[in-house]
Amino acid sequence: MTMSDPIADMLTRIRNANTAKHDTVDVPSSKMKLAIADILVKEGYIKKYDMIDEGSYQTIRITLKYNADKSERILSGLKRISKPGLRVYAGKEDLPKVLGGLGTAIISTNQGVITDKEARALGVGGEVLAFIW
C-alpha cells in the first residue's frame with residue numbers, strides 16, 4: 001500500500017525516536033526528505049544524516065542530537081502544516097514565524113526547500129511544509 005503523506009511519516013519517525021531517546025532513526029529516502037534533513041542539520045536540530053543503500057532502495061539514517069548526558073532533547077517539537085488534504089501556502093509578505101522566531105518553518109519554494117528566514121531574505125513564498133522548534 002502506498003503512503004499518502006511521506007513527509008508526515010518522516011517527521012513522526014523523528015518525533016517518536018526523539019521522545020524514546022534513540023540515537024538514530026531510519027527513514028525511506030526521497031529528494032524532499034533529503035532537503036528537509038539537510039535543513040535540520042544546518043539549523044542544528046540533528047547531528048547528521050547518512051545515506052544507506054539497502055538493495056534496490058535507499059534509506060536516510062538520521063543521528064539525533066541531545067545534550068551531554070542525554071537528559072534533554074535539542075529537538076523539542078515537529079509539526080506538519082501542509083497536508084495532502086489541505087495545502088497551506090504563504091506569500092512572501094505573510095511567511096510564518098515559529099515561536100516568535102525561535103523555531104524554524106520549512107518552506108517549499110521555487111528556489112527549493114528552504115527555511116522561513118532564507119525565504120524572507122530571497123523574497124519568495126511557497127508551501128509551508130512543517131514547523132520545528
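This is a predicted model: local features need pLDDT of at least 70, side-chain atom pairs count only at pLDDT 80 or more; totals for chains, interfaces and linings use all residues.
The strands concerned are β1 and β3, the latter formed by residues 57–64, and they pair in the antiparallel sense over five bridges. Helix α1, which comprises residues 6–19, packs on the sheet and touches β1 and β3, and the direction of helix α1 makes about 170° with that of β1. Helix α2, comprising residues 31–42, likewise packs on the sheet, where it touches β1, β2 and β3; the direction of helix α2 makes about 150° with that of β2.

The sheet itself is open and consists of three strands in the order β1-β3-β2, with antiparallel pairing. Strands β1 (24–28) and β2 (46–54) stand at the edges, and each has a single partner strand, so one side of each is left without a neighbour in the sheet. On average, and with direction ignored, neighbouring strands of this sheet are turned by 25° against each other.

Within helix α2 lies Asp-38. This residue has a relative accessibility of 34% and therefore counts as partly exposed, since that category lies between the limit of under 20% for buried residues and that of over 50% for exposed ones. Asp-38 and Val-113 are 75 residues apart in sequence, while their C-alpha atoms are 9.5 Å apart in space.

Turning to the protein chain as a whole, its secondary structure comes to three helices and eight strands, and from the N terminus on these elements follow one another as α-β-α-β-β-β-β-β-β-α-β. The radius of gyration of the chain is 15 Å, which is close to the 14 Å that the globule rule gives for 133 residues, so the chain is as compact as a globular protein of that length. Along its principal axes, the C-alpha trace spans about 40 × 40 × 25 Å.

Contacts and surface complete the description. Among the contacts in the protein chain with a separation of 6 or more, 59% are accounted for by residues 24 or more positions apart. Of the 133 residues in the chain, 41% are buried, and the accessible surface comes to about 7400 Å², of which 52% belongs to carbon and sulfur atoms.

Terms used. Residues are numbered from 1 along each chain as its sequence is written. Side-chain values use heavy atoms; hydrogens and water are left out. Two strands pair if DSSP finds at least two bridges between them. Helices (H or I, at least four residues) and strands (E, at least two) are DSSP runs, numbered from the N terminus. Axes are lines fitted to C-alpha atoms, for helices over the stretch in contact, and angles run from 0 to 180 degrees between N-to-C directions. Contact means heavy atoms within 4.5 Å. Buried means under 20% relative accessible area, exposed over 50%, partly exposed in between (1.4 Å probe, protein chains only). The radius of gyration is taken over C-alpha atoms; the globule rule is 2.2 Å times the number of residues to the power 0.38. Accessible areas come from the Shrake-Rupley method with a 1.4 Å probe; for residues, only the protein chains shown count as cover.
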